[in-house]
Amino acid sequence: LEIIVTILNVNDNSPVFKQTNLTEVVPEDTKVNATIVAREDLSASDADLDTIFYELTTIVPGTEGYFAIKGVNNPEMYLQKALDYEKLKSTTLVLYARDRPVDSTDTTNTATTTINIFIEQADTKSPWFLPCTFINTDKSICISSPYTGRVNISEMSTEPLILEPGPIYAIDPDYMLNEKIVYSIVGGDTEKVFSVDADTGNLTMNRVATSPDSYLLQVMATQVNNIQKYSIVSVEIKVINKSDHPPYFESRIYNGTVFVGLAPRSFVFQAGVPSSPLMIAAADDDFPNV
């Protein structure tokens, strides 16, 4: 008598990952759809030879949507949304491997692996001139105001020029990288009256200004490691006549009279002449006809 025995495979083995904890460092400028972790590094095996079903979840609130897997049976992980180091510096994902579909009523064995993601800041921003004003809520764009200064006509200054709202200064907004910045004048100074120190940004004079016309310089801040990362700011230098005399008041003492009960912003009248508003006058001998 020949007896044929068929052994039925019982689902008594759980899927097994090669690693139960992975760490990946992802550059901030990684392209969308780029592979972050290859399929072979995330695939699980099953001694029962069952088809494996995968599900990727994010366990750090507020960091959802950046990473995904290619399909329910393909655990290759890719970048789904562009990264921004200012918004996302790290996150943790959990990849589930099941030997039955998620909605199956059959007994299901499950394995998990944890994926730790750290974002590496990339050189994505051009220099910012300071001070500057943020124009968006995430503070990724900062607009600077022009610098202004003045020099005396036909007079050579040997010191760095004093500018408003402050000295020429730019930073690398990719602050974790903080690349070195150099300065140069790229426009508005055909006569080479001015120079800018490449390292400090100090603006100095090469020779005297002989024309009363203002100079509108264009100063560029460039990253040393990448000349394509640069910003340009305007610097207006006004040429004025030298002031030899300080201004002075025409009288050392002014006397006025006010009346009880007057409304705010009412006139103060001259003492002894209640019909004439009090006038305070100053003069400057540099401008005798004014």
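This is a predicted model: local features need pLDDT of at least 70, side-chain atom pairs count only at pLDDT 80 or more; totals for chains, interfaces and linings use all residues.
I started with the Cys132 and Cys142 link, which is right-handed, with 100° about the S-S bond. The pair links distant parts of the chain, 10 residues apart: Cys132 sits in strand β11 (residues 132-134) and Cys142 in strand β12 (residues 142-144). The S to S distance is 2.0 Å, and I counted a disulfide as cysteine sulfur atoms within 2.5 Å. The structure holds 1 disulfide. Cys142 counts as buried, at 9% relative accessibility (buried is under 20%, exposed over 50%, partly exposed in between; 1.4 Å probe, protein chains only).

Residues are numbered from 1 along each chain as its sequence is written, and side-chain values use heavy atoms, without hydrogens and water.

Next I looked up the sheet. I found an open sheet of 4 strands, order β2-β9-β8-β5, with mixed pairing. Its edge strands, β2 (21-27) and β5 (53-58), each pair on one side only. Twist averages 25° from one strand to the next (axes are lines fitted to C-alpha atoms, angles 0 to 180 degrees between N-to-C directions). Strands are DSSP runs of E, at least two residues, numbered from the N terminus; pairing needs at least two DSSP bridges. β8 (residues 90-98) and β9 (residues 110-120) pair antiparallel over 9 bridges. I noted that Thr92 has Asn116 in β9 as its bridge partner.

Last, I checked Val5, in the segment before β1 (16-17). Val5 is exposed, with 63% relative accessible area.
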